[in-house]
Amino acid sequence: MQQKYQGYSELTDALKSTCKVLNLDKNSQLHQDVNSICNYLVNPNFKIAVFGPFNHGKSTLLNAMLGDRTLPIDLIPTTGAAITIKYGTTVRTRIMLVDGTEIYRSGTEILQQFAILDGNRQMRKDVISVEVFCPHPFLETGIEFIDLPGTNDREAQDNLVKDRLLGTDLVIQLLDARKLMTLGERENLRDWLLDRNIKTVIFVANFLNLLEPEEQKQVHNRLLFVAESFRADLPPGFSNLYRVDALPALRARLKGDTALANSSGLVAFETALQNLVGILQQNSGNVRLPRLQTISSQLQTLLVDKIDKCDQEIKIFDHKEKSKIEIKQKAQNLIYQGFQTSIYELETWLSLPNLVTKYQGDIAVALAENNLQSWQTGTFKKDLTELQNAVMKWLYQAYDFFKSERPEDLKIPFPNPPQLTLPEKPNTINSSDLTEPGSIAVGSGIGWLLGGPVGAAVVGSISYVLSKNLQQDANSIKDSYHQQVAKICIGAAENYLSSFSSQGLSILAAYQQKAGKVIYFVETQEPLAVTQQREDLQRLQNQFNQLLAELTKANISSKYQPYQYQPKPENPQIPKQQVYTYTPPKQNTPQNPPPKVETPRQQVNTPPPPPSQPVNTPPPNPAELEAKFQAWEFEQEIAEIKANMKSSGASQKAQTSPKKPAQQDKIANAYRVLGLQSSASFIEVKQAYRTLVKKWHPDLFVNKPQMQKQVQEKMRLVNEAYNILNDHHS
């Protein structure tokens with residue numbers, strides 16, 4: 001029979017390792033049940049436990065069944081330990097203590113020292129097991145009897161009994177006919193037996209002989225009701241109710257009185273028991289596995305709960321991380337686009353044709369007036385700083401998001417002031433010009449600080465030469481002296497701007513190369529705690545699958561399916577690092593603006609109105625206006641991304657409260673302002689807003705001061721409508 005249960009060793013290992021993975025408390029009922037069932041599965045003997053409250057005659061019944069004058073079990077007044085009775089060639093007792101001591105004695109007298117309750121009716125805490133070996137032919141067939149302590153007295157005894165019942169093949173519940181099935185007995189019957197799938201139970205009524213004949217009939221009918229109401233799982237043809245008068249049976253057996261033994265019910269009970277055990281031994285799996293199924297189901301439920309909780313926590317983390325990555329990727333793309341837009345504006349401004357068109361005349365005049373330094377600081381530097389800051393702003397945005405590499409400031413220096421020499425002054429010019437206020441001779445450079453009529457003439461000549469495009473022929477003898485000086489100043493201005501443009505574009509190209517290290521999102525390493533949690537989840541799932549596989553081998557069904565391995569989800573693909581390269585624009589071909597990108601916005605703020613310009617200021621370049629508008633849109637969306645990052649995956653938007661009539665009127669009016677139906681989607685709202693802003697942007701009306709007030713009011717209404725609908729759709 002030992003060979004029959006060798007297949008359960010892997011199953012018991014799986015059960016025990018499951019307890020470890022679940023970190024079950026060793027004192028918990030489930031942990032103790034697992035130990036009991038594991039010991040039960042690997043034990044080849046058929047175990048029969050005698051179970052019942054104190055003083056119901058359990059030890060007396062066993063003594064009668066094993067009756068022999070050499071087995072003084074009846075001398076034990078109150079059993080204080082679970083005594084296992086096994087086959088042995090001679091009567092002897094073995095006691096194992098907690099400290100590992102083994103006490104081995106002939107006979108059973110030592111039981112009175114180690115296997116009875118003390119004066120306080122408590123079990124000895126230093127005893128692990130008590131075994132009695134007896135040369136009885138029934139035991140020799142692989143049977144073990146277990147004499148359990150009485151119940152309903154102390155919690156420790158009850159716990160011991162409950163544990164040992166799980167590891168028995170057949171339970172003999174001894175009933176006292178004088179007080180049949182107390183409340184405690186009914187509860188134990190339900191909680192300790194039925195609920196744990198222990199259904200191989202037979203009832204034995206004791207003390208029936210102490211009742212009057214009429215009472216015996218009444219009690220017998222009640223016994224039949226108890227037996228029939230219990231859902232016993234016994235082979236067909238076997239009753240689960242017997243009568244044995246334990247003390248008369250013991251006396252009859254010790255005296256060898258066969259007739260008295262028969263009248264006590266002992267012989268009939270022993271015969272039925274031997275036949276029943278013979279059948280159950282051949283199908284012991286049908287007895288043991290249902291109990292195992294109950295225990296394993298509890299373990300599986302705990303595993304599934306723990307797996308689901310762990311898996312849910314990991315999924316929440318992964319969702320948050322995915323959201324953060326998506327936000328950062330979106331921010332990265334937006335920052336790149338905004339950076340590119342600002343680079344485009346600065347490159348366009350630095351192109352020599354644009355610089356010459358915009359600044360050559362002013363620089364020539366500043367040179368003629370010896371006022372280059374002041375003009376450079378007041379006008380040129382201001383324009384350059386504004387464009388440089390617009391570029392750097394995006395890199396600092398990137399650093400704020402990604403913390404990859406701190407950006408450097410973009411610094412484009414101005415060239416050294418040009419050194420000019422004026423031509424010889426013709427004799428035809430009145431010498432009194434030299435004494436005019438502001439006309440001072442100098443040793444180097446331009447040679448003159450032009451003032452008075454001469455200075456005014458030179459400045460006027462600069463405007464004339466530039467307007468007529470005459471500066472190409474600088475040495476024309478037909479030119480007046482004033483025009484010659486003007487052309488020298490104009491040429492020096494162009495050389496100055498050429499040097500500035502070349503150096504500025506070179507510095508900007510190098511700056512763009514470094515920007516790739518700043519506008520760069522690197523996925524952060526997963527926290528160690530989350531990595532450990534993934535490993536724990538995998539270990540739990542593996543343990544569950546192992547237990548399920550072993551249960552399947554033992555033909556134990558389960559409502560669960562094995563877990564499939566799920567690798568760590570990949571985060572959204574991080575785009576490769578973009579590196580900007582500079583291609584000098586063609587001098588005579590205007591640059592193409594960067595591609596337009598449609599982006600949603602949550603928060604709307606009208607760009608600050610442009611500074612007041614004179615009426616004759618040329619209208620803004622459409623490409624420049626589009627670039628400014630894109631940069632503004634990017635800023636709005638990045639502001640939204642920053643707000644979202646603070647609450648990424650943390651909470652969902654609260655349910656909006658019902659709109660009041662006044663709010664509904666505002667919403668309806670907002671749709672009308674944007675030219676939309678009330679059923680329009682938010683995508684349509686954003687598109688309509690974008691169209692109207694481009695139509696009424698203040699920069700488009702710089703030469704129409706009479707319309708400025710109307711434009712500002714239109715933009716106010718458009719922005720207000722957008723904000724209302726943005727809140728409405730949130």
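In this predicted model, the lining of the second largest cavity is made of four nonpolar residues, two polar ones and one charged one.

Helix 10 lies across strand 1, strand 6, strand 7, strand 8 (201-206) and strand 9. Relative to strand 7, helix 10 runs at about 155°.

Now for the sheet itself. Strands of a sheet pair through backbone hydrogen bonds, either parallel or antiparallel. Here, nine strands form an open sheet with mixed pairing, in the order 4-3-5-2-6-1-7-8-9. What stands at the edges of the sheet? Strand 4 (102-106) and strand 9 (241-243) do; each has a single partner strand, so one side of each is left without a neighbour in the sheet. On average, and with direction ignored, neighbouring strands are turned by 20° against each other.

For a look at one pairing, take strand 3, residues 92-97, which pairs with strand 5 in the antiparallel sense over six bridges. Within this pairing, arginine 92 has phenylalanine 133 of strand 5 as its bridge partner. Another helix to trace is helix 5, which packs on the sheet and touches strand 1 (46-51), strand 2, strand 6 and strand 7 (170-176). The direction of helix 5 makes about 150° with that of strand 1.

Helix 5 also leads us to an open space. The second largest pocket holds about 1,200 Å³. Its lining counts 36 residues, and the closest to the pocket centre are Val127, Ile128, Leu160, Asp163 and Arg164. Which element gives the most to this lining? With seven residues, it is helix 5. At least two lining residues each come from helix 2 (29-42), strand 2 (83-87), strand 5 (127-134), strand 6 (143-147) and helix 5 (155-166). By residue class, the pocket lining divides into 12 nonpolar, 13 polar and 11 charged residues.

Two loop residues deserve a stop on the way. Asparagine 23 sits in the loop between helix 1 (9-22) and helix 2. Although asparagine 23 is not a glycine, its phi is positive, at about 55°. Is asparagine 23 buried or exposed? With a relative accessible area of 65%, asparagine 23 is exposed, the cut-off for that class being over 50%. Asparagine 197 belongs to the loop between helix 6 (183-193) and strand 8. Asparagine 197 also has a positive phi, near 65°, in a residue other than glycine. Its relative accessibility is 24%, so asparagine 197 counts as partly exposed.

Finally, step back to the chain as a whole. The protein chain has 20 helices and 11 strands. It runs to 730 residues, of which 47% count as buried. Among contacts between residues at least 6 apart in sequence, 80% join residues at least 24 apart.

Conventions
Residues are numbered from 1 along each chain as its sequence is written. This is a predicted model: local features need pLDDT of at least 70, side-chain atom pairs count only at pLDDT 80 or more; totals for chains, interfaces and linings use all residues. Side-chain values use heavy atoms; hydrogens and water are left out. Ala, Val, Leu, Ile, Met, Phe, Trp, Tyr, Cys and Pro count as nonpolar, Asp, Glu, Lys and Arg as charged, and the others, Gly among them, as polar. On a 1 Å grid over the protein atoms alone, a cavity is a set of points where a 1.4 Å probe fits but cannot get out, and a pocket is an open set with protein on both sides within 12 Å along at least five of seven lines; lining residues have an atom within 4 Å of a point. Grid points are joined across faces, edges and corners, and a volume is the space filled by probe spheres set on the points. Helices (H or I, at least four residues) and strands (E, at least two) are DSSP runs, numbered from the N terminus. Two strands pair if DSSP finds at least two bridges between them. Axes are lines fitted to C-alpha atoms, for helices over the stretch in contact, and angles run from 0 to 180 degrees between N-to-C directions. Contact means heavy atoms within 4.5 Å. Buried means under 20% relative accessible area, exposed over 50%, partly exposed in between (1.4 Å probe, protein chains only).
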